[in-house]
Amino acid sequence: MDVSKIREMIDKTNEKITEKVNWTEVCGKKYPILVQYQADVNVPNYACRIGVMLDELKQEYHYNEQDAMLVLKDILYHVWKERKKQEER
């Protein structure tokens, strides 16, 4: 499937349907760690620290909750991608 088809599917999916999807479960089929980590990871610790970063983004850039989450998620993705690139060198 090419990127344009994925974009088209995203555009056709309304917000109410998207909110009802358990994305952890859906993505967990490809990435089992998403349904397993809760037993091992100190989730409240990380949730608290991520909450602080979300609040900082909201306050400093006047983002709403969703936009702050999306920005933080995108930053995390870019950090991960850069580390992966460095490992390959």
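Modeller: Let us begin with the surface. The largest share of the nonpolar patch, four residues, is contributed by α5. Please bear in mind throughout that this is a predicted model.

Colleague: Which residues make the nonpolar surface patch, and what is its area?

Modeller: The patch covers about 830 Å² and is made by Tyr31, Ile33, Leu34, Val35, Tyr37, Val41, Val43, Tyr46, Ile50 and Met53.

Colleague: Why is Leu34 called partly exposed?

Modeller: Leu34 has a relative accessible area of 30%. Buried would require under 20% and exposed over 50%, so Leu34, at 30%, is partly exposed. Its place is in helix α4.

Colleague: How do you know that the length of α5 agrees with that of a helix?

Modeller: The 19 residues of α5 should span 27 Å at 1.5 Å a residue, and the end C-alpha atoms of α5 are 26 Å apart; therefore the two values agree. After α5 comes His62, whose phi is positive, near 60°.

Colleague: What is the reach of helix α6, and what is expected for it?

Modeller: Helix α6, residues 65-88, has 24 residues and reaches 35 Å from its first C-alpha to its last, which is close to the expected 34 Å. At the start of α6, a side-chain oxygen of Asn64 comes to within 3.1 Å of the backbone nitrogen of Gln66.

Colleague: What makes the pair Glu8 and Lys12 a salt bridge?

Modeller: The closest N and O atoms of Glu8 and Lys12 are 3.1 Å apart. A salt bridge requires such atoms to be within 4 Å, and Glu8 and Lys12 accordingly form one. Both residues lie in helix α1 (residues 3-12), four residues apart, about one turn of the helix.

Colleague: How many salt bridges does the structure hold?

Modeller: It holds four. One of them joins the side chains of Glu65 and Lys58, at 2.5 Å from N to O. Glu65 has a relative accessible area of 45% and is therefore partly exposed; Lys58, at 27%, also counts as partly exposed.

Colleague: What makes Glu82 and Arg89 a salt bridge, and which residues are linked in a network?

Modeller: The closest N and O atoms of Glu82 and Arg89 are 3.9 Å apart, and the limit is 4 Å; the pair is thus a salt bridge. Glu82, Lys85 and Arg89 are linked in a network of salt bridges. Arg89 counts as exposed because its relative accessibility is 70%, whereas Glu82, at 31%, counts as partly exposed.

Colleague: How far apart are Lys81 and Glu60?

Modeller: Lys81 and Glu60 are 21 residues apart in sequence and 25 Å apart in space, C-alpha to C-alpha. Lys81 lies in helix α6, and its relative accessible area of 43% makes Lys81 partly exposed.

Colleague: Where is confidence lowest, and where is it highest?

Modeller: Confidence is lowest in helix α2 (residues 15-20), with a mean of 82, and highest in α5, at 98. The protein chain averages a pLDDT of 92, and 99% of the residues score at least 70.

Definitions and conventions
Residues are numbered from 1 along each chain as its sequence is written. This is a predicted model: local features need pLDDT of at least 70, side-chain atom pairs count only at pLDDT 80 or more; totals for chains, interfaces and linings use all residues. Side-chain values use heavy atoms; hydrogens and water are left out. Patches are made of residues with over 30% relative accessible area and no salt bridge: like charges are joined within 9 Å, nonpolar side chains (Val, Leu, Ile, Met, Phe, Trp, Tyr) within 5 Å. Accessible areas come from the Shrake-Rupley method with a 1.4 Å probe; for residues, only the protein chains shown count as cover. Helices (H or I, at least four residues) and strands (E, at least two) are DSSP runs, numbered from the N terminus. Buried means under 20% relative accessible area, exposed over 50%, partly exposed in between (1.4 Å probe, protein chains only). The expected span of a helix is 1.5 Å times one less than its number of residues. A polar contact is a pair of N or O atoms within 3.5 Å; within protein, one must be able to donate a hydrogen and the other to accept it, and residues adjacent in sequence count only if both atoms are side-chain atoms. pLDDT is the predictor's confidence in each residue, from 0 to 100.
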